[in-house]
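Please open the structure in a viewer and keep the selection tool at hand.

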4 protein chains.
Amino acid sequence: KDRFFVIAGPCVLESEDLALRVASSVARMCRELDIPYIFKSSYDKANRTSVESYRGPGLEKGLKILERVRSQVGVPVITDVHAVQEAAAAARVVDVLQIPAFLARQTDLVVAAAKTGKPINLKKAQFLAPWDMFHVVRKAESVGNRRIFITERGTCFGYNALVVDMRSVSLLSRSPYPLVFDATHSVQIPGGQGTASGGERQYVESLARAAVAAGADGLFMEVHEDPDRALCDGPNSVPLNEVFAILTALKDLYETTRKHPIRLQNEPVLRTA
Amino acid sequence: KDRFFVIAGPCVLESEDLALRVASSVARMCRELDIPYIFKSSYDKANRTSVESYRGPGLEKGLKILERVRSQVGVPVITDVHAVQEAAAAARVVDVLQIPAFLARQTDLVVAAAKTGKPINLKKAQFLAPWDMFHVVRKAESVGNRRIFITERGTCFGYNALVVDMRSVSLLSRSPYPLVFDATHSVQIPGGQGTASGGERQYVESLARAAVAAGADGLFMEVHEDPDRALCDGPNSVPLNEVFAILTALKDLYETTRKHPIRLQNEPVLRTA
Amino acid sequence: KDRFFVIAGPCVLESEDLALRVASSVARMCRELDIPYIFKSSYDKANRTSVESYRGPGLEKGLKILERVRSQVGVPVITDVHAVQEAAAAARVVDVLQIPAFLARQTDLVVAAAKTGKPINLKKAQFLAPWDMFHVVRKAESVGNRRIFITERGTCFGYNALVVDMRSVSLLSRSPYPLVFDATHSVQIPGGQGTASGGERQYVESLARAAVAAGADGLFMEVHEDPDRALCDGPNSVPLNEVFAILTALKDLYETTRKHPIRLQNEPVLRTA
Amino acid sequence: KDRFFVIAGPCVLESEDLALRVASSVARMCRELDIPYIFKSSYDKANRTSVESYRGPGLEKGLKILERVRSQVGVPVITDVHAVQEAAAAARVVDVLQIPAFLARQTDLVVAAAKTGKPINLKKAQFLAPWDMFHVVRKAESVGNRRIFITERGTCFGYNALVVDMRSVSLLSRSPYPLVFDATHSVQIPGGQGTASGGERQYVESLARAAVAAGADGLFMEVHEDPDRALCDGPNSVPLNEVFAILTALKDLYETTRKHPIRLQNEPVLRTA
């Protein structure tokens with residue numbers, strides 16, 4: 001929790017080549033900026049709006065790509081699991097397991113992921129109040145896992161819309177676990193393109209800056225070489241060639257923020273048991 | 001879609017005796033009122049707020065109880081499934097499979113349930129716009145299942161709160177499939193009791209009446225002999241001894257409503273392919 | 001509170017002729033249906049989205065038209081006031097004074113209207129919780145006025161959107177004062193047409209039915225001979241030639257609803273002091 | 001728009017002494033930090049939740065206090081006006097006129113304030129989408145006033161709750177006019193204390209930091225020597241003895257933010273005609 005870090009990659013694994021190119025580009029930028037980096041991509045998008053959308057290469061093929069990224073680029077990798085039986089398989093390859101936001105309340109999935117012993121990233125459901133995430137955290141802790149990330153990614157706000165409440169970032173960053181701000185899913189317009197979600201890429205950077213200033217420990221960002229041709233979440237993905245400038249600013253803001261302790265604040269929450 | 005019907009029962013299977021008593025009481029009332037009745041109860045609450053809450057008897061034992069209700073009381077039964085592998089087992093016993101609201105976007109689960117050939121009840125997620133439910137319906141239709149119920153159960157409205165939008169009832173009731181209004185989950189206060197959801201039982205009846213007047217085809221209601229001692233969703237469950245009066249009024253309203261065709265309305269939506 | 005009633009008319013006074021034609025048509029229908037009727041139209045739309053929109057004939061000319069409607073058609077009239085100094089002037093002509101929803105919290109305006117001794121209709125602000133309307137009611141009561149209507153007209157729900165919460169209808173209908181449901185402003189899309197509000201006329205009827213079933217005592221409805229050419233709120237206005245059928249159904253629903261007392265309910269609220 | 005500034009003071013004028021003490025304290029801090037400062041306080045709270053709450057000294061007496069602050073402390077002052085006829089009187093004393101958020105859509109009030117020729121601060125209504133504020137701005141511009149501030153102060157989010165959408169700060173900061181973030185009204189809990197609004201002071205600072213990082217030009221903050229005894233908005237007011245540290249951090253963040261131009265962004269909006 002004492003160093004700004006980044007989780008980034010294409011939303012879904014489109015090809016090994018793309019994964020390797022994005023991972024090594026972002027890794028290079030992060031080395032230059034001295035920012036720890038975790039590569040993220042999904043082997044399966046299990047909850048697409050439409051049954052006809054691209055879902056990814058699947059568990060087996062996807063894990064192979066992630067393994068290649070890990071060994072070839074030399075960065076840790078994170079991916080999301082969608083069913084109890086996927087947790088163990090994914091844990092053999094990746095460094096961090098992620099619970100998708102829609103599945104944050106599925107006890108068995110959270111527990112199965114936590115039981116692997118791997119660090120887990122718990123995404124706050126769009127339908128949950130910030131303080132209710134602590135019950136999700138307790139589910140992971142209940143099997144002895146204390147290597148937890150919590151990720152804020154926006155909250156339901158009317159239909160086909162999300163809003164990011166920076167009070168959530170502020171509150172959740174007071175736990176013992178790192179609070180990640182997912183800047184690209186936060187600008188999704190769920191269902192906004194009829195058979196797919198739209199997005200407002202133009203707000204990614206402002207929201208990321210705001211979250212860092214409000215206390216976020218790390219940043220999550222979907223990155224693509226050519227977002228308009230991405231097979232998933234293109235409208236909210238960040239073009240690879242903007243990543244360096246964005247991270248430069250965020251790191252500077254992070255350091256400025258940390259120089260000034262907050263005066264008016266909640267008591268630290270969620271002390272581990 | 002031309003007859004008012006009811007889905008009701010205790011939220012979770014607490015014991016075989018309770019299930020049989022509730023089922024036979026409600027069945028008797030519904031026979032007297034000439035209302036088709038489906039018994040509902042869950043063998044597993046897979047998404048409780050807290051990891052310590054009661055979850056139910058589990059798949060195997062739960063299905064046995066449902067089978068007993070079915071044969072002994074002589075009513076069809078419905079239950080919800082939470083993982084792909086549960087669908088086939090549950091389909092061997094129950095008459096209708098239900099997809100929980102939080103899982104409405106999990107493609108594999110919807111498809112697995114639809115593939116069993118059983119009728120399925122698709123609950124609208126709290127985080128989905130009404131029109132986006134049609135993508136969920138398409139997922140079920142994609143494997144040839146046309147025996148579908150859609151259930152409205154409230155929408156996110158700030159933190160720890162839901163609101164029921166009767167436009168959703170109106171819109172979704174224009175599909176070829178029956179639209180069910182879930183009057184008790186709609187008055188949940190998610191996370192409102194700290195480690196469990198609260199509820200506003202005092203609004204169940206007004207909302208149910210409103211939904212029937214807005215076009216709902218059927219009613220879903222959690223019923224318990226002693227809601228204050230229910231192991232799940234007590235604060236929003238309806239006491240068994242109020243059910244007859246509530247249904248009497250709803251049936252009368254349903255019939256009055258159907259006498260007067262709506263004048264200003266959307267075109268029928270979601271014609272089957 | 002023991003008889004279904006209607007408040008209706010064109011949103012804004014466009015011309016004396018239109019006002020007289022709409023008033024006498026609706027009056028005729030209401031006589032046939034035995035429904036008390038109050039004509040409503042505004043002399044000034046003081047809060048249009050755009051500074052360039054039509055605002056109405058103004059206080060003086062508008063009150064003359066309302067006086068003519070009153071005497072010539074023989075129906076009571078209601079209009080809204082927007083500033084303290086308008087209350088007394090309007091009270092000399094109209095039968096009921098209305099406080100616009102956006103101004104529900106302006107103490108001086110509510111008090112000035114209440115002091116005229118005329119009945120007043122307090123519209124619930126889009127930004128207020130139902131229970132907070134009772135503070136508005138207290139402001140009117142504080143100067144001795146006990147002839148109060150409360151009107152529900154939808155609540156903020158994300159951007160450029162409203163939702164009607166039927167719990168509000170249910171709760172507010174338990175006061176000693178009649179609860180009116182404003183079915184046409186409730187389907188407004190605020191700001192939804194760029195420089196004006198849009199509307200979803202297709203939901204007016206379903207929402208009105210739902211509100212009556214949830215306990216509403218009366219209905220408020222903007223009516224126009226040709227809504228597409230209305231100078232204000234056209235997209236949510238009801239065509240005059242649909243009014244009779246709509247009211248017929250609502251009266252039937254009202255009577256069916258009142259035959260069945262609610263079983264699960266809040267205690268009566270807001271007893272007068 | 002090229003220098004961070006602060007608007008601050010007690011919510012309502014409680015006494016001349018308090019006003020002078022707060023104004024001179026904050027003025028001293030701001031001089032030390034080289035931050036332009038405008039003193040703000042209200043002579044009348046015209047929209048209190050309850051009719052029994054303290055409203056302030058009134059127009060005449062209040063303007064005298066503001067005049068004294070102006071001349072004695074040597075800082076510009078801002079106050080809000082609530083009716084057309086107050087605009088000219090207030091403009092004779094204060095440096096900036098403010099339109100309250102609830103009244104943002106009242107055309108006559110905005111126009112009357114703009115016509116005085118004084119700079120005006122337009123607060124975004126809790127019920128308006130960010131982009132709809134530009135129609136409010138046009139109303140002021142329609143009479144030739146181009147000295148405008150826009151203030152974000154939170155948006156309706158369910159009942160008795162607000163949320164701050166940093167996209168609004170980002171979007172509105174792209175106009176030619178300074179965008180102010182009102183950090184204390186943004187943490188109000190409207191109606192949250194029964195007969196008064198509550199507040200979450202513990203989020204003031206995090207939200208202010210986030211807003212500055214998202215592009216806000218200035219900060220608005222209610223300040224009190226002893227917030228727990230403030231006659232209005234105590235729960236969200238900032239204690240005077242925390243102001244210096246808060247502003248120090250915000251200025252540092254402001255400067256860091258401005259060093260890094262945003263890459264992904266909306267086109268500049270609302271060019272003056």
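The stops that follow go from a whole chain to an interface and then to single residues.

This is a predicted model, in which local features need pLDDT of at least 70, side-chain atom pairs count only at pLDDT 80 or more, and totals for chains, interfaces and linings use all residues. Residues are numbered from 1 along each chain as its sequence is written, chains are lettered from A and ligands numbered from 1 in the order in which they are written, and side-chain values use heavy atoms, with hydrogens and water left out.

**Stop 1: chain A**

Eight helices and 13 strands make up its secondary structure; helices (H or I, at least four residues) and strands (E, at least two) are DSSP runs, numbered from the N terminus. The radius of gyration of chain A is 17 Å, close to the 19 Å that the globule rule gives for 273 residues, so the chain is as compact as a globular protein of that length. That radius is taken over C-alpha atoms, and the rule is 2.2 Å times the number of residues to the power 0.38. The C-alpha trace of chain A spans about 45 × 40 × 40 Å along its principal axes.

Next, colour chain A by accessibility. Of its 273 residues, 69% are buried; buried means under 20% relative accessible area, exposed over 50%, and partly exposed in between (1.4 Å probe, protein chains only). Among contacts in chain A with a separation of 6 or more, 71% join residues 24 or more positions apart, where contact means heavy atoms within 4.5 Å.

**Stop 2: chain D against chain A**

The contact draws 42 residues from chain D and 42 residues from chain A. About 3800 Å² is buried between the two chains, and carbon and sulfur atoms give 59% of that area. Buried area is the accessible area (1.4 Å probe) that two parts lose on being put together, summed over both. On the chain D side, Arg167(D), Tyr203(D) and Leu264(D) lose the most area to chain A, together 20% of what that side buries.

**Stop 3: Gln126(D)**

Remaining in chain D, select Gln126(D), in the loop between strand E5 (120–123) and helix H5 (133–141). Is this residue buried or exposed? Gln126(D) is buried, at a relative accessible area of 6%. Beyond its neighbours within four places in sequence, its contacts include Ala101(D), Phe102(D) and Cys156(D). Arg147(D) is 21 residues away along the chain, and its C-alpha atom is separated from that of Gln126(D) by 23 Å.

**Stop 4**

Move to chain C and select Glu205(C), in helix H7 (residues 204–214). Glu205(C) counts as buried because its relative accessibility is 1%. Which residues does Glu205(C) touch, not counting residues up to four places away in sequence? They are Pro261(B), Ile262(B), Arg263(B), Leu264(B) and Ile246(C).

Then select Gly117(C), in the loop between helix H4 (107–115) and strand E5 (120–123) of chain C. Gly117(C) is partly exposed, with a relative accessible area of 35%. Apart from residues up to four places away in sequence, Gly117(C) touches Asn145(C) and Arg147(C).

**Stop 5**

Finally, select Asn160(B), in the loop between strand E7 (155–156) and strand E8 (162–163) of chain B. Its phi is near 50°, a positive value in a residue other than glycine. Most residues other than glycine have a negative phi. In chain C, Asn160(C) lies in the loop between strand E7 (155–156) and strand E8 (162–163), and the phi of Asn160(C) is near 50°.
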